[in-house]
Amino acid sequence: MSGSSRRSNLLVARAGRQGDDLARRPGGFGLGQVPARLAPEAVTSMVCGYCSVGCSLDVHLRGGQAVNLSPTTEYPVNLGMACPKGWEALAPLAAPDRATTPLLRDARGQLQSVGWPEALDTFVARVRAVQAEHGPAAMAFLSTGQIATEEMALLGALAKFGMGMVHGDGNTRQCMATSVVAYKQAFGFDAPPYTYADLEASDVIILAGSNLCITHPILWERICRNPHHPEIVVIDPRATETALAATQHLALAPKSDLVLLYGLARALIERGAVDRAFVEAHTSGFDAFAAHVAAFDPDRVAEVTGLTTEALDRLATTVAGGRRVSLWWTMGVNQSHEGVLVAQAIVDLALLTGNIGRPGTGANSITGQCNAMGSRLFSNTTNLFGGRDFADAGDRAEVADVLGLDPACIPSQPSMAFDQIVEGIATGEIRGLWVVATNSAHSWINHSELHDLLGRLDLLVVQDLYATTETAQRADLVLPAAGWGEKEGTFINSERRIGLITRVARAPGQALADFAIFKLVAEAWGCGELFEAWSSPEAVFEILGRLSAGRPCDVSGIGGYADARGGIQWPFPAGATGGVGEERRLFADGHFFHPDGRARFCFGEPRPPREATSRRYPLVLLTGRGSSAQWHTQTRTGKSAVLRTLHPDGPYVEVNPADASELGLGAGQDVLVTSARGSMRARAEVTSAVAPGQVFVPMHDAQVNRLTHPSFDPSSRQPSYKHCAVAVRPLERWEH
Ligand SMILES: Nc1nc2c(c(=O)[nH]1)N[C@H]1C(S)=C(S)[C@@H](COP(=O)(O)OP(=O)(O)OC[C@H]3O[C@@H](n4cnc5c(=O)[nH]c(N)nc54)[C@H](O)[C@@H]3O)O[C@H]1N2
Ligand SMILES: Nc1nc2c(c(=O)[nH]1)N[C@H]1C(S)=C(S)[C@@H](COP(=O)(O)OP(=O)(O)OC[C@H]3O[C@@H](n4cnc5c(=O)[nH]c(N)nc54)[C@H](O)[C@@H]3O)O[C@H]1N2
Ligand code: SF4
Ligand SMILES: [Mo]
């Protein structure tokens, strides 16, 4: 991206604040100051349906329908701010390509409109046929971090307890699986410890593999409000919008984080920056960790990371001198062949310096999608409800007891992970797939292989707002879903805060809330009785409260939706008071969730990325988010004319000027980016934002995942989207 569009991205990230200023100005378009012509009859607040920041938006209603919105001023998350996606959240609902009826593929291969009764009968008959021929586990499902918790819980319960499925994973595998495993092993439970107020309380903020400025813009705004003039350290191979605003940018070689962090740990130990009292009272494994990192001397770190020993020294001085150090990470860490170890190294650093459980501290994984945290705890995919384990008989008995189920209904076999489901299609073990609120045919790693495999399925059902997504276009049956704003439920944001969504618009045609679709499927399947108590999203919220009781994620103290309005963080056990709008962090008492109450130092040996560059493919491809106005596969943000003006048009590849001159590329020239798996056309953006030897392509164009290499972290099975080998060459004239 050019310098000017990079700057405009920064401005875009700030548009929320500008909009807020506008809203406050007399005669502006904010809350309570709307011109009479547009005066809302009512205003209702709900959390945003895009990212995990979980901002609250005030939706202005006329005749019960949304006409406008503005950010909520009294919400503890966004304090009256929103990013462009939030401001434009209503636009995608009105898109002309909404799926308005179920669609069934006919004998000629065309998707034809059918009524719900036929769609449901067909769905049930064909799933039963797959299961009769190949066994119940041959039908699998893919869930998501983008529907309400109550909906994903009903999907997980219906599929696994009602319809006999065993395998179901979510798009959160692409995103958060690494953090889940890292936290479970280190803390004893998948528990991000922080509250957003920590961003304002830190005096040192370390952002590893995070382009916060465009990916969590309102969290960036929270950093901008920090009154302590914090040192902001960005660890990212690229000079991103966030890195440009940092006080220290460590532009390390891709996938060298583990060596850097171990080197930092060694330097801190040498400086005597270990919080001995904390380590002794509340952790285990420190001595072994210290012995392990002793091998990472500054010269080794410099050689592997490409950073200078002075940069490492400055970083160590900063961390050692910080009184409240917080370490935040996202996809530059999680999407890696060794992401779990890197995330754990971040946790290790927080533990060894005692930077946890106090204001302004923490080893803090930021989630991605609006309800990624809900999916981690309550989607009943790879974890049994409440962060439990399918393979544990005691856990199954607890869930069966709360739900009044025969424990035999609960599979004792853990689910396959996403990549194993894909592999299962290849081997013929998986014959049918129900895909809900995820567009895998665009977003899955190395998706050319997935495209081939989708064609081999006996049944592909896709449940989405739009029938035009790359995945819906491959479906045998499309179920038309209502979206955010057209239904109710709750999301859980990055800081564990439960927020409400409400219905402010009518879904078009026959589109139904996912919740209603799951209820209809249960009826059609003949297991409706099992879900009688799951009568409404709010009834399910109450059931989930009971399923969480006594767990670290206990929310049984939140009575109902009226109580949750205003935002409550978990845990909130029965008998707890207050909560709404409070800022609460975990581990203030130094007690972690392992049986011995101690956090564990976890570590291992660094390994090289799976695909090395070569003479044929000499460049490292980095992928990620392109702008604050684009969301993933663009099915929603692509429908907003306003958002489309805020990002560059068409696919582009960022190339360093040195590489561009060697390759004979001019700025804006059309090029072909090729990996061993496929190629894509793009426009060359010549910029020093990427280092020589690296190129960057945003994930928003479907072609990028033709290039990516299907390698995975061995313990989280999260795809390593941010490292593969490619070549770039100008397109020949005849190729245009
Ligand atoms: N505007 C917008 N916001 C979003 C989203 C969106 O699509 N659009 N998606 C949401 C979701 S689901 C998610 S998961 C988050 C993702 O949020 P982020 O993780 O912040 O976004 P990415 O751009 O995927 O990756 C972050 C950075 O990792 C860097 N990186 C690549 N390789 C390495 C490496 O080896 N080491 C380090 N340290 N860094 C590396 C990349 O250069 C990139 O700048 O964003 C959420 N917010
Ligand atoms: N190369 C590369 N690839 C990546 C990444 C990367 O950094 N680089 N990042 C990965 C990450 S972190 C993520 S999270 C994934 C995201 O990948 P996806 O989940 O595939 O991306 P989305 O575009 O968010 O897809 C969500 C789908 O759900 C639909 N939808 C929205 N709301 C609803 C609803 O309420 N109900 C129903 N039924 N449907 C709904 C939308 O229309 C859309 O089709 O991409 C991953 N892929
Ligand atoms: S920062 Fe995230 S939650 Fe807030 S308005 Fe933007 S997309 Fe929505
Ligand atoms: Mo994500």
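Start by selecting ligand 2, where, of the 35 residues around the ligand, Gln146, Ser443, Asp464, Asp514 and Thr633 come nearest; a residue is counted here if one of its heavy atoms lies within 4 Å of the molecule. The model you are viewing is predicted, with local features needing pLDDT of at least 70, side-chain atom pairs counting only at pLDDT 80 or more, and totals for chains, interfaces and linings using all residues. Residues are numbered from 1 along each chain as its sequence is written, chains are lettered from A and ligands numbered from 1 in the order in which they are written, and side-chain values use heavy atoms, with hydrogens and water left out.

Staying with ligand 2, look for its polar contacts, meaning pairs of N or O atoms within 3.5 Å. A polar side-chain atom of glutamine 335 is 3.2 Å from a nitrogen atom of ligand 2, while a polar side-chain atom of threonine 635 lies 2.8 Å from an oxygen atom of the ligand.

Next, select ligand 1, which is surrounded by 32 residues, the closest being Thr215, Asp236, Lys255, Asp257 and Gln630. An N or O atom in the side chain of lysine 255 lies 2.7 Å from an oxygen atom of ligand 1, and a backbone N or O atom of histidine 632 is 3.0 Å from an oxygen atom of this ligand.

Finally, select residues 116-134, helix 4, together with residues 514-525, helix 23, whose axes come within 10 Å and cross at roughly 60°; axes are lines fitted to C-alpha atoms over the stretch in contact, with angles from 0 to 180 degrees between N-to-C directions, and helices are DSSP runs (H or I) of at least four residues, numbered from the N terminus.

Key
Helices (H or I, at least four residues) and strands (E, at least two) are DSSP runs, numbered from the N terminus. A polar contact is a pair of N or O atoms within 3.5 Å; within protein, one must be able to donate a hydrogen and the other to accept it, and residues adjacent in sequence count only if both atoms are side-chain atoms.
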